[in-house]
Amino acid sequence: MALLLAGSRRPGRASRSRLPVQWQYRIPRMLVDKHGRALEDLRISVTDRCNFRCTYCMPLDQYDWISRDQILSYEEIGRLAGVFARLGVRKLRITGGEPLLRADLEDLVEMLARVDGIEDICLTTNGSLLADKAERLKRAGLNRLTLSLDSLDPATFARMAQRGDLAAVLAGLSAAIETGLTPVKLNAVIERGVNDHEVLDLVDYARSRGLDLRFIEYMDVGNVNQWTSEKLVSKAEILECVGKRYPFEPLSGPRGSAPSERYRFLDGGGVFGVIASVTEPFCGACTRARLTADGRLVTCLFSAGGHDLKSLLRSGCSDEELSAAVQAIWNRRTDRYSEERLAAISSDQGYRPEAVRKLEMISLGG
């Protein structure tokens with residue numbers, strides 16, 4: 001199984017970045033952790049910067065920005081993507097921070113699209129900068145995107161994002177649809193007392209535009225989002241709310257490693273899903289690894305730290321040595337944080353999120 005060599009170009013598209021000749025592999029491998037979970041998906045953060053300050057994700061003052069010299073170059077990211085592809089990764093998701101703040105992101109997309117074995121490249125974005133960039137990303141090889149949209153009400157949007165303009169986000173969404181970056185998925189984090197009154201408004205919006213909406217239970221990612229179970233709107237509550245207006249049924253077939261449980265509207269109005277990390281954890285099917293902008297391999301969204309791959313990259317190690325390091329990390333993986341959290345919530349002692357130090361969402365990319 002060989003990577004395309006430097007010099008192979010997508011017709012009609014010039015690129016400033018090329019794959020080094022040494023990125024050549026022969027045989028794909030299946031890599032599993034201590035619980036038998038394969039490594040199939042890699043989420044790549046390209047920056048920890050963001051132009052929003054969403055209350056469930058981004059601390060306002062308690063965050064130390066990664067210095068620019070510590071952020072991986074596109075060539076370094078591309079090389080690591082090749083290593084992960086050799087080990088069985090088939091899907092890449094580009095995240096941030098807000099990934100569209102990174103200059104010339106389409107160059108990275110084109111580079112990743114040339115990695116042999118990668119079947120799907122997705123982007124997660126807040127959409128605010130998408131209107132001007134959707135077409136270039138599509139030409140570069142981006143397959144689809146997920147857009148965060150927690151509210152359709154300008155006042156609620158401003159309260160949750162703390163910066164930004166809802167109109168720019170909706171313009172970016174329209175540009176993505178027109179460009180053909182489909183299927184577009186919408187992610188909406190639902191927080192009690194903040195935007196839980198908009199569940200049906202979001203459903204109506206997604207149905208009218210043929211979008212795949214995914215509700216996300218409010219989670220205790222990071223250390224500063226002031227998570228409490230009182231703010232949680234459970235999957236059961238969300239489904240009850242939706243079902244009062246639109247009857248639905250579960251989609252047939254295995255869920256696999258997908259984080260959302262998906263449903264089909266009985267009237268033919270499309271599908272929606274719920275990511276219930278808190279009340280119905282899916283640790284047992286998690287096949288996702290995360291690469292932070294400064295080159296740490298993180299094996300769980302709720303990790304306290306990561307494994308430094310950047311030092312290996314910059315020390316002159318071979319691809320085989322990088323591969324061996326990733327294998328060793330994944331083979332030792334035992335993460336099941338969400339299951340442990342649910343057990344703690346259900347116990348007599350209860351769950352105290354402040355007692356567990358975790359990496360902030362802004363550095364993980366979700």
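This is a predicted model: local features need pLDDT of at least 70, side-chain atom pairs count only at pLDDT 80 or more; totals for chains, interfaces and linings use all residues.

Reply: The lining of the largest pocket divides into ten charged, five nonpolar and two polar residues. Among those nearest the pocket centre are Asp41, Lys91 and Arg93. About 350 Å³ of space lies in this pocket.

Me: Why is Cys283 called buried?

Reply: Its relative accessible area is 11%. Buried means under 20%, so Cys283 is buried.

Me: What makes the pair of Phe248 and Tyr263 edge-to-face?

Reply: The planes of the two rings stand at 70 degrees, and their centres are 5.3 Å apart. Pairing needs centres within 6.5 Å, and edge-to-face needs planes over 60 degrees apart. Both hold, so the pair is edge-to-face. It links strand β7, with Phe248, to strand β8, with Tyr263.

Me: Why is Phe248 partly exposed, but Tyr263 buried?

Reply: Phe248 has a relative accessible area of 22%. Buried is under 20% and exposed is over 50%, so Phe248 is partly exposed. Tyr263 has 5%, so Tyr263 is buried.

Me: What makes Phe248 and Phe272 an edge-to-face pair?

Reply: Their ring centres are 5.2 Å apart, and the planes are at 90 degrees. The cut-offs are within 6.5 Å and over 60 degrees, so this pair is edge-to-face. Phe248, Tyr263 and Phe272 are among the members of one aromatic cluster.

Conventions:
Residues are numbered from 1 along each chain as its sequence is written. Side-chain values use heavy atoms; hydrogens and water are left out. Buried means under 20% relative accessible area, exposed over 50%, partly exposed in between (1.4 Å probe, protein chains only). On a 1 Å grid over the protein atoms alone, a cavity is a set of points where a 1.4 Å probe fits but cannot get out, and a pocket is an open set with protein on both sides within 12 Å along at least five of seven lines; lining residues have an atom within 4 Å of a point. Grid points are joined across faces, edges and corners, and a volume is the space filled by probe spheres set on the points. Ala, Val, Leu, Ile, Met, Phe, Trp, Tyr, Cys and Pro count as nonpolar, Asp, Glu, Lys and Arg as charged, and the others, Gly among them, as polar. Rings of Phe, Tyr and Trp (its six-membered ring) pair if their centres lie within 6.5 Å; planes under 30 degrees apart count as stacked, over 60 as edge-to-face and the rest as tilted. Helices (H or I, at least four residues) and strands (E, at least two) are DSSP runs, numbered from the N terminus.
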